[in-house]
Amino acid sequence: MTQSLSVSEALQFAEKYYQANRLNQAEQAYLQVLKQQPQNTEALCGLGIIAQKINQPETAEKLFSKAVSLQPRLLKAWFNLGNLRQANGNLPEAQSAYQKAIELQPNLAPLYNNLGYTLQQQKKWDEAISCYQKALEIQPNCIEAEVSLNNDRNAARFSRSSLQFSSCFAKTK
């Protein structure tokens, strides 16, 4: 890649390389952008996505965090930060990132779906169900939310009936 590319062109190339799974070239294009504009949040997010894909979660966390510190209203960075934290089992932090993303764009079903899944993993059944319902309200054909909602309702019922059973068992002793 030549130095004569504009930032916009370099970002376009980086995205095309990424889509073609040419990660080294995508990374080089993003790095070229950062040489010209060290605080370019699109390049930081792009590098974060690549870092996550090649199993470098600490690097990805730093890049996404830097992007949101530079541009606190950058939905893409908050969403990716939530996905990264969820994948790494940092569920309260993932929850927080998704909630911030929802504050910025309250009408995106995937945000509610992912938040619901994060809450489900924390056994916060009622909150998770509400998120899945909101995702389906926004996007009625959101299959992921529909499946998760049904799974969550069943898990919540099982969890509650187990608690009732164990408390009944304790009374009969």
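Colleague: What does the chain average in pLDDT, and what share of the residues score at least 70?

Modeller: This is a predicted model, and the chain averages a pLDDT of 88, with 86% of the residues scoring at least 70. Residues 160-173 have a pLDDT below 50, and beyond near neighbours in sequence that stretch has two contacts in the model. Where pLDDT is low, predicted coordinates should not be read in detail.

Colleague: How many helices and how many strands does the chain have?

Modeller: There are nine helices and zero strands. Reading along the sequence gives the pattern α-α-α-α-α-α-α-α-α.

Colleague: How do I read the way two helices pack, taking α6 and α7?

Modeller: Look at the distance between the axes and at the angle between them. Helix α6 covers residues 91-104, and helix α7 covers residues 109-121. Their axes come within 9 Å and cross at roughly 155°. An angle over 145 degrees counts as roughly antiparallel, so α6 is roughly antiparallel to α7. The crossing of the two is left-handed.

Colleague: Which residues of α6 and α7 meet?

Modeller: From α6, the residues are L91, A94, Q95, Y98, Q99, A101 and I102. From α7, they are L111, Y112, N114, L115, T118, L119 and Q121.

Colleague: Take N114 in helix α7. Is N114 buried or exposed?

Modeller: Buried means under 20% relative accessible area. N114 has 16% relative accessibility, so N114 counts as buried. Leaving aside neighbours within four places in sequence, N114 is in contact with F79, N83, Q86 and Y98.

Colleague: What share of the 173 residues in the chain is buried?

Modeller: Buried residues make up 39% of the chain.

Colleague: How do I read contacts across the sequence as a whole?

Modeller: Ask how far apart in sequence the joined residues are. Among contacts between residues at least 6 apart in sequence, 45% join residues at least 24 apart.

Colleague: How many disulfides does the structure hold?

Modeller: A disulfide is a covalent bond between the sulfur atoms of two cysteines. The structure holds zero disulfides. As for cysteines in the chain, C45 has 0% relative accessibility and counts as buried. C131, at 9%, also counts as buried.

How values were computed: Residues numbered from 1 in each chain as written. Predicted model: local features only at pLDDT ≥ 70, side-chain atom pairs only at ≥ 80, totals over all residues. Heavy atoms only, no water. Disulfide = S-S within 2.5 Å. Buried < 20%, exposed > 50% of the residue type's maximum accessible area, 1.4 Å probe, protein only. pLDDT = per-residue confidence, 0-100. Contact = heavy atoms within 4.5 Å. Helix = DSSP H or I, 4+ residues; strand = E, 2+ residues; numbered from the N terminus. Axes fitted to C-alpha atoms, helices over the stretch in contact; angles between N-to-C directions. Parallel < 35°, antiparallel > 145°, perpendicular 65-115°, else oblique. Left-handed = near helix turned anticlockwise from the far one by under 90°.
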